[in-house]
Number of protein chains: 2
Amino acid sequence: MREPPSIGEHIPPDRTLMGPGPSDVHPRVYAAQSEPMVGYLDDSYVEVMADVQEGLRYLFGTDNEHTLAISGTGSAAMEAAFANLLEPGETALVPSNGYFGDRMGQVASRTGAEVVSVDAPWGEPLDPQDVGAAVDRHQPDVLGVVHGETSTGVRQPAIDELAGIAHDHDAYLVVDTVASLGGVEFHTDEWDVDVVYSGSQKCLSVPPGASPITFGERAVEKVLSRESPVRSWYLDLEGVWEYWDDDPSYHHTGPISTTYALRESLRMVAEEGLEARWDRHERVAGAIKAGVEAMGVPLAVADEHWLPTLNAVSVPDGVDDGAVIDRLLDEHGIEIVGGLGALAGEIFRVGCMGHTARPPNASTFVAAFGDALAAEGANVDVEAGAAAVATALRS
Amino acid sequence: MREPPSIGEHIPPDRTLMGPGPSDVHPRVYAAQSEPMVGYLDDSYVEVMADVQEGLRYLFGTDNEHTLAISGTGSAAMEAAFANLLEPGETALVPSNGYFGDRMGQVASRTGAEVVSVDAPWGEPLDPQDVGAAVDRHQPDVLGVVHGETSTGVRQPAIDELAGIAHDHDAYLVVDTVASLGGVEFHTDEWDVDVVYSGSQKCLSVPPGASPITFGERAVEKVLSRESPVRSWYLDLEGVWEYWDDDPSYHHTGPISTTYALRESLRMVAEEGLEARWDRHERVAGAIKAGVEAMGVPLAVADEHWLPTLNAVSVPDGVDDGAVIDRLLDEHGIEIVGGLGALAGEIFRVGCMGHTARPPNASTFVAAFGDALAAEGANVDVEAGAAAVATALRS
């Protein structure tokens with residue numbers, strides 16, 4: 001026998017989470033998360049699941065029956081989308097303009113489908129004309145796009161137009177809203193999107209582990225008429241649906257505590273109202289944007305493609321981005337992160353999601369960020385930044 | 001826009017969870033679960049993951065480096081085991097003596113491998129001689145067995161012997177310990193098992209969502225020398241390992257709150273000591289067993305194959321098992337469940353796992369169960385049951 005390990009008390013730090021997610025969790029959500037455990041098919045839990053489905057339908061803007069939370073984190077929901085929709089020999093067209101577009105390709109390739117890219121530079125949205133040309137050329141079965149690219153801070157416009165292009169070519173549109181759903185406007189049914197998925201720990205401010213997904217009727221029909229089995233048993237919609245059905249039966253055990261937390265967050269979304277929630281994100285993120293710009297540090301994304309939930313802030317010339325990030329964390333307890341892949345060292349990524357998207361965080365962040373930049377040698381006007389945040393928040 | 005749904009306050013019931021899991025959660029684990037959120041690569045979270053790995057190595061009885069928690073519930077860990085080990089064209093040999101053996105086959109078949117069964121009746125363990133003959137006949141690449149079959153209450157003996165049979169035929173042994181690990185004796189290294197997985201919500205009494213798994217060196221080498229990619233990106237050990245490595249990098253976001261809860265549970269396992277924990281499960285479950293037998297209701301499993309963590313109690317002739325289960329829940333707040341598949345209507349399944357495995361639950365359960373059986377017309381000696389529990393707990 002091994003000796004028992006010595007595991008001491010866990011002393012968690014107190015952070016303000018302004019990275020790409022997780023975001024700050026509301027006390028109501030923490031409290032819900034640790035409500036008493038019940039069985040995986042307890043009547044009370046079946047009601048919780050039904051409430052979650054109703055809350056998610058509102059959040060997604062859909063009447064889709066097949067709307068539920070995958071029992072895993074956001075990448076599991078991404079895999080559920082592609083693993084169910086694609087079969088070997090089919091083709092997926094995915095974007096090349098960010099880290100999560102690249103991940104879509106990796107995930108889709110595991111299904112045995114061929115994966116091709118819509119070429120587009122990091123930091124720019126996809127142009128519907130380019131997408132149309134790529135769809136014409138490759139005749140994909142599934143087109144994937146990212147609505148809010150966490151790696152670049154770009155918001156993809158014209159989702160409805162992309163859906164039209166996909167449908168004109170008998171393809172299905174899958175949209176990744178991991179970093180956007182609940183923070184910026186999205187309408188699954190109005191825009192006619194086939195499959196949409198998200199994560200819990202971003203604009204919903206729920207701990208990671210239960211990831212929203214919705215399948216439209218056409219997509220469900222494709223899944224149910226597959227010739228080959230889905231390559232993941234755990235994520236097979238047909239099995240998962242047995243659990244989320246009105247008359248549920250056992251498939252796997254759901255993440256009960258995280259689902260309690262998700263329910264409470266969706267309850268808060270309904271209380272606030274989606275339009276008010278989108279406005280709040282835009283107002284608080286807008287104050288952050290105004291503040292850093294007034295300091296003399298521009299965003300790395302054109303205004304018309306700005307993603308309020310993830311602000312890509314340029315690293316000033318000569319400044320060590322890692323040192324600024326460490327200072328913010330060590331001196332101010334604020335988490336932000338650096339760029340990924342092609343944007344490493346080029347941008348700071350400043351999240352403004354869910355419960356983090358509160359006015360005091362805008363002022364606190366801009367002041368602390370200005371301090372940290374100045375301490376690392378950047379020429380920034382800290383006072384102008386603070387004034388701009390105050391003005392933006394009052395307007 | 002849809003109208004926001006009306007989602008009210010969630011009023012959870014207060015249950016004593018004596019089904020097949022989830023089990024009752026200790027207050028320390030609930031408290032840990034809702035400790036403040038941090039980033040998915042925060043230094044403090046990387047330390048939490050390292051503590052979890054050390055706690056899991058002790059729990060599994062292994063020095064395996066590749067010991068971690070899968071970001072999903074127990075069936076995700078089952079899929080991680082088979083999806084990583086198996087390739088198309090290979091063969092998996094799985095047992096037919098229970099529901100989860102059958103599930104192993106379903107999961108394994110998604111990898112593109114051929115799946116064959118070791119024939120054995122439900123309610124009996126596998127006989128190593130039969131396994132040897134089946135391994136000889138089918139020459140599998142992977143042999144799967146279930147250590148504690150939740151559907152039948154049978155404990156599989158001779159795991160070391162089965163490992164020997166597998167290794168003599170150049171096969172890998174995968175063992176499912178979802179319902180047993182931390183509750184009954186298990187030694188991964190001493191018994192030379194290649195891959196072992198479990199769940200969090202059984203004998204660890206952690207909310208579902210982070211599932212222990214360990215890969216031995218031989219198994220890791222097989223995974224790293226695969227010819228085809230793992231069919232799940234989310235569960236691909238090579239990617240998952242990047243996150244659990246000493247120098248971790250982003251693969252996916254872990255279920256941070258559930259991992260906090262798992263850490264606290266593993267800390268409590270280390271405090272109690274594994275031998276004492278196994279003894280406690282045997283003592284409390286033994287009192288339940290003595291109580292129901294003294295009432296005149298035998299277990300459906302031979303004493304030598306008894307799984308203390310899941311007691312398969314025979315449904316007396318003429319008794320409606322569903323009515324007894326409902327009475328226990330409605331009148332006593334105690335959850336037990338009925339039989340699955342071939343054993344539906346034949347057995348009650350009474351769990352005794354983790355924090356549920358406390359002496360007061362044995363007396364409370366036997367008294368309430370006797371009451372409910374009598375109310376449903378069974379001829380049971382309730383007093384003899386109570387006396388037997390008291391005697392067993394005092395011994």
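**Strands, an interface and a helix crossing**

Reader: This is a predicted model. What makes strand E2 (residues 66-70) of chain A largely enclosed by the rest of the structure?

Author: Burial does. A residue is buried if 20 or more other C-beta atoms lie within 10 Å of its own. In E2(A), 5 of the 5 residues are buried, so the strand is largely enclosed.

Reader: How do you know that E2(A) pairs with strand E10 (residues 211-215) of chain A?

Author: Count the bridges. Pairing needs at least two. E2(A) and E10(A) are joined by 5, so they pair. The two strands run antiparallel. Within the pair, Thr67(A) stands opposite Thr214(A).

Reader: Why are helix H2 (residues 43-60) of chain B and helix H9 (residues 256-272) of chain B called oblique?

Author: Look at the angle. H2(B) and H9(B) pack at about 45 degrees. Angles under 35 degrees count as roughly parallel, and roughly perpendicular starts at 65. The value falls between those limits, so the helices are oblique to each other. Their axes are 9 Å apart, and the crossing is left-handed.

Reader: Which kinds of residue make the contact of H2(B) with H9(B)?

Author: They divide into 13 nonpolar, 2 polar and 3 charged.

Reader: How many residues of chain A are in contact with chain B, and which helix gives the most?

Author: 66 residues of chain A are in contact with 66 residues of chain B. Helix H9 (256-272) of chain A gives the most to this side of chain A, with 8 residues. The residues of that side divide into 29 nonpolar, 23 polar and 14 charged.

Key. Residues numbered from 1 in each chain as written. Chains lettered and ligands numbered in written order. Predicted model: local features only at pLDDT ≥ 70, side-chain atom pairs only at ≥ 80, totals over all residues. Buried ≥ 20, exposed ≤ 12 C-beta atoms within 10 Å, placed from the backbone. Helix = DSSP H or I, 4+ residues; strand = E, 2+ residues; numbered from the N terminus. Contact = placed C-beta atoms within 7 Å. Nonpolar A, V, L, I, M, F, W, Y, C, P; charged D, E, K, R; others polar. Axes fitted to C-alpha atoms, helices over the stretch in contact; angles between N-to-C directions. Parallel < 35°, antiparallel > 145°, perpendicular 65-115°, else oblique. Left-handed = near helix turned anticlockwise from the far one by under 90°.
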